[in-house]
Amino acid sequence: MYSRLEVASSGENHFTDYARWRLLVNDGGRHTWHYLRTDEECKAWPQTALDKYWLGLDTELPDLPPAKDAFEAARNGYECYKNLQADDGHWPGDYGGPMFLLPGLVIGSYVTGMGFKEEERLEMIRYLFNRAHPVDGGWGIHIEGESSCFGTGLNYVALRILGVDADHPVCLKARACLHKLGGAAAIPAWGKFWLALLNVYDWEGVNPVPPELWLLPEWLPFHPHRWWIHTRTPYVPMSYLYGIRFTFPENDLVRDLRQEIYTQNYYSIYWPDQRNNVCKVDLYSPHSRLYDAINVVLSAYEQCSVPPLRKIALENAYKLVVYEDENTGYQTLGPVSKMFNLVARAHVEGPESHAYKMHEIKRQDFMWVGEDGMRMRGTNGSQLWDLGFITQALVETGLAKLDENKESLLSALQWLEQAQIRENPKHYETSYRHTTKGAWGFSTKEQGYTVSDCTGEGLKTVLYLQHHLDFTPNLISDRRMFDAVDVLLTMQNAGGGFASYELIRGPKFLEWLNPAEVFGDIMVEYAYPECTTSVITCLATFRKIYPEYRTNDIERTIQDAITYLHAAQKPEGVWHGSWGICFTYATQFALESLSLVGETYETSESSRRACEFLIGKQRADGGWGESYKSCETSIWVEHKNTQVIQTCWAVMALMYAKYPHPDPIERAVRLVMSRQLPNGSWPQEAIEGIFNKTCAISYPNFKFSFTVWMLGKAHWYLKELKEGKGVTNG
């Protein structure tokens, strides 16, 4: 199952025949890659342009006539992008970037006896080879990050499990890097946990994760149900696995790894001293004194835990694991909880169980093949998110009215219709979930989580397609759109802002209990400018079409949200992005929202300051370039290269604010057009997204949606400026 593999010294060339990979899209947007081993299979299932594009092969798409203006460039961009639309109407794509996900996939599968096809193992190995740092051989927390103990330790172990020899050149170099970083004893908390499951790190070196926390009274401000959803959901199975001290049986590989990943003899390590031993390179959020003090108390409790109480706590935690699996069709919230849930379910129910088999099936949804190999994505995809932006772009630019694009948009509307979540989860209140009836999630209906900005963008897209175009049917009824509005109106927090998945449930002091060390702001929900603005723009669009529905509630919600936006504006005039990089991303959405209530460059000090800040950051070549480091430091950090997508975001911001001077926009348009490829696409540049301050994540479809959007809007915007007409938005 995990036999030794002979592989090349680098991942420069494919380890498998890329002409045999196929992407299957079905069941409401599931993405699974399949390797065809026979010529007969390949003939029966030909590769498409969609397959070839994501594999980095020649798509054989024709060169398009050179664009004479921005609108033609936008038209060419969508002419190419249409070929990447799946038959069901959405646009599949990669959602990789984090480098701690693939090791979880590999370790979790290994310890539960769940194998991979050889071709999958080979391309996972190749991906890790290609993503190793070219100088020191390590891996960072994400594909553009500096080598860290977290990334290097886990990915080294993943390579060894997948079948790479310890004396392979890539492993030799990575092991030297790991030792320079202090060895696996200095790996951060999540790394310690994965290694303990594998039995190459002792549980005595892991800070306590007691399942009894879930038995505490729910009114307590620190009860786990008040934590942010991406923290509490993984910690449910983690608490179960910690409570039973799950340990993979010792074998030759385990014994070898114990000797390879430490800087001293494994059996001489005093493990309690390693609990707070974290490599300085990894340490973004140091432990608070309060957290360390609580761990002392919990460690003492672990020495004398009450067996009947532990048994009840474990049963309760396991029940929550089951609820999460059943609520999400075994997709779970994300890849970390996915694999921890698998280990828990496999331990309790075994490899012949329904749960095990379903986890194996849905595991495929996270495994994505790209030109550099196979990685694990940050969710089962970004289906709704990508569809929303490109369809809105087509409507706002006028491209939607071209006959050549109508079929594509009808297909997109059909996908949107089936993607709306029309009921609450099976285990609703018992699994501490926010209402989902009427919502759209980030990826698919099956995954089943309400997200505020995804619901906002989903509803806005439906409104655009059904009410701004004359050729689309009303697939989504008024009542279903009202359901979406009802969900959004339940999600506004005190202060007017909107968080991501649910209301803010816990006090900010819970950040003093952040156990992860490598991330920031993970313990509770926060209001985000990006989430808030998606709701504002959606509700503002909605009330123009349905002015009688919950009129006062919508007006109050928008006004409170605008108040939040003003409060969230940084002194220098822009907004900090928490989901995209960084100030250009959040500021475009903020200025769109302000424009919808009449605040523009000419009428609003807030809008004027934002525009002036952005103009001050424009480069000599006409573009903008911002590093992911901006998100870590909360101050603007220049990227070494100008970035097309950030240039588009900055120009969109200027246009939303009705910036009156054409020169900066014209220069940016020329830059974006100059980088367009002959077939209408754009090359991949730097990573686009971010989460939890430190981890960048890829949104490769943005290079189509925001380029098409900006160029198409800029064409008409500049035309109106030159004709001396007042500029309108939308």
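The report below moves from the domains to the core and then to single elements.

## Basis of the model

This is a predicted model, in which local features need pLDDT of at least 70 and side-chain atom pairs count only at pLDDT 80 or more, whereas totals for chains, interfaces and linings use all residues. Residues are numbered from 1 along each chain as its sequence is written, and side-chain values use heavy atoms, with hydrogens and water left out.

## Domains and their interface

The protein chain is assigned domain 1 (100-368) and domain 2 (383-723), with bounds that come from an automatic or database domain assignment. Their centres, taken over C-alpha atoms, are separated by 33 Å, and the contact (heavy atoms within 4.5 Å) takes 47 residues from domain 1 and 44 residues from domain 2.

Between the two domains about 4,100 Å² is buried, 59% of it given by carbon and sulfur atoms; buried area here is the accessible area (1.4 Å probe) that two parts lose on being put together, summed over both. Trp228, Tyr284 and Asn327 supply 19% of the area that domain 1 buries against domain 2, more than any other three residues. Three salt bridges are counted between the domains, each being a side-chain nitrogen of Lys or Arg within 4 Å of a carboxyl oxygen of Asp or Glu.

## Nonpolar core

The largest nonpolar core has 243 residues, and those with the most contacts inside it include Phe193, Leu198 and Ile261. Such a core is a set of buried Ala, Val, Leu, Ile, Met, Phe, Trp, Tyr and Cys residues joined through side-chain atoms within 4.5 Å, where buried means under 20% relative accessible area (1.4 Å probe, protein chains only). Domain 1 and domain 2 both give residues to this core, so it lies between them.

Helix H8 (residues 189-198) is largely enclosed by the rest of the structure, because 10 of its 10 residues are buried; helices are DSSP runs of H or I of at least four residues, and strands are runs of E of at least two, numbered from the N terminus. Its cover includes helix H4 (101-111) and helix H13 (335-349), and just after H8, Asn199 takes a positive phi of about 75°.

In helix H26 (residues 702-722), Ser705 counts as buried at 2% relative accessibility. Leaving aside neighbours within four places in sequence, Ser705 is in contact with Phe389, Ile390 and Ala393.

## The E3-E4 hairpin

Strands E3 (residues 367-370) and E4 (residues 373-376) pair in the antiparallel sense over four bridges, pairing being assigned if DSSP finds at least two bridges between two strands. The two strands form a hairpin with two residues between them, and Gly370 has Gly373 as its bridge partner.

How values were computed. Buried means under 20% relative accessible area, exposed over 50%, partly exposed in between (1.4 Å probe, protein chains only).
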